[in-house]
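Here are a few worked exercises on surface and charge. Have your viewer ready and try each task before reading its solution.

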Amino acid sequence: MDEQALLGLNPNADADFRQRALAYFEQLKISQDAWQVCAEALAQSIYSDDHIKFFCFQVLEHQIKFKYSELTEVQQQLIRETLVTWLQAQMLNPQPEKTFIRNKAAQVFALLFVTEYLTKWPKFFFDILSVVDLNPRGVDMYLRILMAVDAELVDRDVVHTSEEARRNTLLKDTMREQCIPSLVESWYQILQNYQYNNSELTCQCLEVVGAYVSWIDLSLIANERFINMLLGHMSVEVLREEACDCLFEIVNKGMDPIDKTKLVESLCQVLQSAGLFSIDQEDDVDFLARFSKLVNGMGQALIASWTKLIKNGDMKSAQDALQAIEAKVALMLQLLIHEDDDISSNIIGFCYDYLHILKQLNALSDQQKANVEAIMLAVMKKLTYDEEYNFENEWISTYYNQPKKEPAVMLQEHRGEDEAMFVEYRKQLKLLLDRLAQVSPELLLASVRRVFNTTLQNWQTTRFMEVEVAIRLLYMLAEALPVSHGAHFSGDVTKATALQDMMRTLVTSGVSAYQHTSVTLEFFETVVRYEKFFAVEPQHIPTVLMAFLDHRGLRHTSPKVRSRTAYLFSRFVKSLNKQMNPFIEDVLNRIQDLLELSPPENGYQALLSSDDQLFIYETAGVLIVNSEYSAERKQVLMRNLLTPLMEKFKVLLEKLMMAQDEDRQMALADCLNHAVGFASRTSKAFSNKQTVKQCGCSEVYLDCLQTFLPALSCPLQKEVLRSGVRTFLHRMIICLEEEVLPFIPSASEHMLKDCEAKDLQEFIPLINQITAKFKTQVSPFLQQMFMPLLHAIFEVLLLPAEENDQSAALEKQMLRRSYFAFLQTVTGSGMSEVIANQGAENVERVLFTVIQGAVDYPDPIAQKTCFIILSKLVELWGGKDGPVGFADFVYKHIVPACFLAPLKQTFDLADAQTVLALSECAVTLKTIHLKRGPECIQYLQQEYLPSLQVAPEIIQEFCQALQQPDAKVFKNYLKVFFQRAKP
């Protein structure tokens, strides 16, 4: 072997050596006989370096995985012998191999097993057992091989092809017949031999038993001698965690419900008599976490049995199963309330399913009611933060179900692992609370009310975590007690009164002033969650508004609270709508300083980030638009809101034109972009009922347009500026109606200058939006800019790109799609004259690009669009009075495209997008037949299809299908036609 290249296998080798080693590995993989050198190196222990040994196994692994069928019988035998020789050497070596080498060797053995067991090596396990006997190192390798085989056969994380899945089933069936009883016997011997003197091997063996139990005959394991041994291990400190997991797998195995109940009950009796149910005397939390998982498994197994027995109508056995379940509830509660969250988390599944049973019973016994209450108290206690919880280490947006469309509130901050786990644990507890509400909503409401009122009466002297959880429970009731459209304060009087009382207490108690971020945030979240309360008791609105606007909310010392409050404030204002009328001008005055555009000067620390300010601008817009003021007053307020932005924009744009330093340019461009974004965001307040025109605000936004458009001609930071102005234009096309049209030509001209693929790709949707909305109104503009736009697109598409530059190729593909989408919009909006008026040469060029898109590029999304364009053009121009020469074009180019595209090897009829493209291809052919009639059939029968060497009877069949009135019949036929035609 190349010794120099092997030096690069060492993790400490420099980059050049590592590169050389990598290249050498690739070379050995394709070499015919390099694997033999590696096999020899392993069999004869030529190398002592661990990384070289690992490397040799990797080469063998590649050979077995990808090239095994190319080897001769003798070579295959050599691989078997190499592995067996290596295994024999393990028992004689003075030192065991490193774990990573043993694991890799086990993987190679498992690969060979999968390849050879059914044919060449049926005695695979017996051969290995005869080599290893009971030698500890041999047993270690034997157990690792078993785990690797299990991973190959049943690992659910690995996606297997249907062929591999069939092979694996056959392998397992054959193993069950031929060797599983012997393997189980070997496990028993290993456990018996090593349980007191080699805990590592015993644990490994228990892991193997746990893995195999899911797919072998359970009676081989669930019998007296095995179970007694496992239960014995439950009392041995170093073995009990693994024994717990093994028992869990046994309990988890599917079996007859009555047998399962008996098995679980017998296990429980022994575990209880061994003192394992006395949780309070156990201080090993790692073991208790595994034990909790086992109890959870036993509880869920009993519940599954109860469900099946009820379904089968076996009421007596079902009653026995229910008694067995009830007997475990006390233990379940001990584990649920345990201070360690992992232990508690592991039992939640049993708890959840138990509540599901109670929900199905007609009436609850006193004991069952007491159990429900105990679970409820446990959930309330476990929801509470502990003293060590680090609020600076969390990611706030995981607490609440954030609306997906508000990315600004997703604060991508670092989260500590403990904090992240507690957030997940709280989600599990929430599910339990929801289930409790289904079992006994009255009890849940009463319990929460009791906790809430007691806590808020003395909030000043209560620890933050208790105040936070009291408010959080009120928040959680909103989902636990579902109603339609948040109508919590109407309907059921008891519930409405209780929630109304708690909300009143929340907003009048002064708890919003509590000096802890978790309480502050919980207050605002809850106020927004129950916004309908303020329709019932509007007198509390000013109190809450002040909390939002002062140091408790938008001016809080914590940026996290300010950020979240900005979002919640906008939701609060939107939801209250008309009830905000008395406070509008006061609120607008108070948020004035929060609307200031942060200058790009170093060291300036604004209260809110620009993302947070978007919400404040939107809120200001909503206040103005939804007010009961006259259109004149709304216009004045909107102008007051937007004029500072426009003035700042002009100043900053001048500064940008003169800025030399690139960092400074970027900072200024970002600031300009924010200004445009803020103006855009205010327009979200308008609706069909409250249009810009009705509110008298058109002029203000047109002034904004006039202010922002000069940024398009700025040669610096083009991408940032164009993106912002383009977004504003999109908004204005929606909001301003035809007043926006005079601005479009010059904006388009600037955006088409020096543009790249991405610019064009983002510009085209703007033109599509204008075309689709204003149709013939923009026809003159479209005719004028049609060819300049196309020239810009073709220029970019024809730019040479490096062969392997995937991002450039993808950009071109996306641009091509955008181009075809543009043509589709033009033709689909009834403006084909825009194309027709471009002169014969240009029209032809455009048509050929569509044909090319349909046939030559293996992109089904673009192909589908091209066929839509073609069928539309045939519909418009394909009749007797169509443009001169178009009928000729139909027969010479469109008809052939409908056959050449689907016949391409890249046209994959198993792909959903491609089938949609074929469907549009069928529509195109149907449209041609509709417009040209018998002439089309004659052309297909006598000229075109014979030229493709299609058999006469198939031609006849094709033409009959095409003439069927039902388009679906032809679509289905066309798919079959091309499936038959392709080799």
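**Exercise 1.** Find the accessible surface of the protein and the share that belongs to carbon and sulfur atoms.

*Solution.* Keep in mind that this is a predicted model. The accessible surface comes to about 44900 Å². Carbon and sulfur atoms hold 51% of that surface. As for burial, 52% of the 983 residues count as buried.

**Exercise 2.** Count the charged side chains, then the salt bridges.

*Solution.* Start with the charges: there are 94 positive and 125 negative side chains. The centres of these two sets lie 6 Å apart. Side chains of opposite charge can pair when their charged atoms come close. Searching the whole structure gives 47 salt bridges.

**Exercise 3.** Where in the chain do Asp593 and Arg555 lie?

*Solution.* First, the contact: the side chains of Asp593 and Arg555 form a salt bridge, at 2.5 Å from N to O. Next, the places: Asp593 sits in the loop between helix H28 (584–590) and helix H29 (610–625), while Arg555 sits in the loop between helix H26 (541–549) and helix H27 (559–576). The two are 38 residues apart, and the pair links distant parts of the chain.

Definitions and conventions
Residues numbered from 1 in each chain as written. Predicted model: local features only at pLDDT ≥ 70, side-chain atom pairs only at ≥ 80, totals over all residues. Heavy atoms only, no water. Buried < 20%, exposed > 50% of the residue type's maximum accessible area, 1.4 Å probe, protein only. Areas by Shrake-Rupley, 256 points an atom, 1.4 Å probe, with all protein chains shown as cover. Lys, Arg positive; Asp, Glu negative; His and termini not counted. Charge placed at Lys NZ, Arg CZ, Asp CG, Glu CD. Salt bridge = Lys/Arg side-chain N within 4 Å of Asp/Glu carboxyl O. Helix = DSSP H or I, 4+ residues; strand = E, 2+ residues; numbered from the N terminus.
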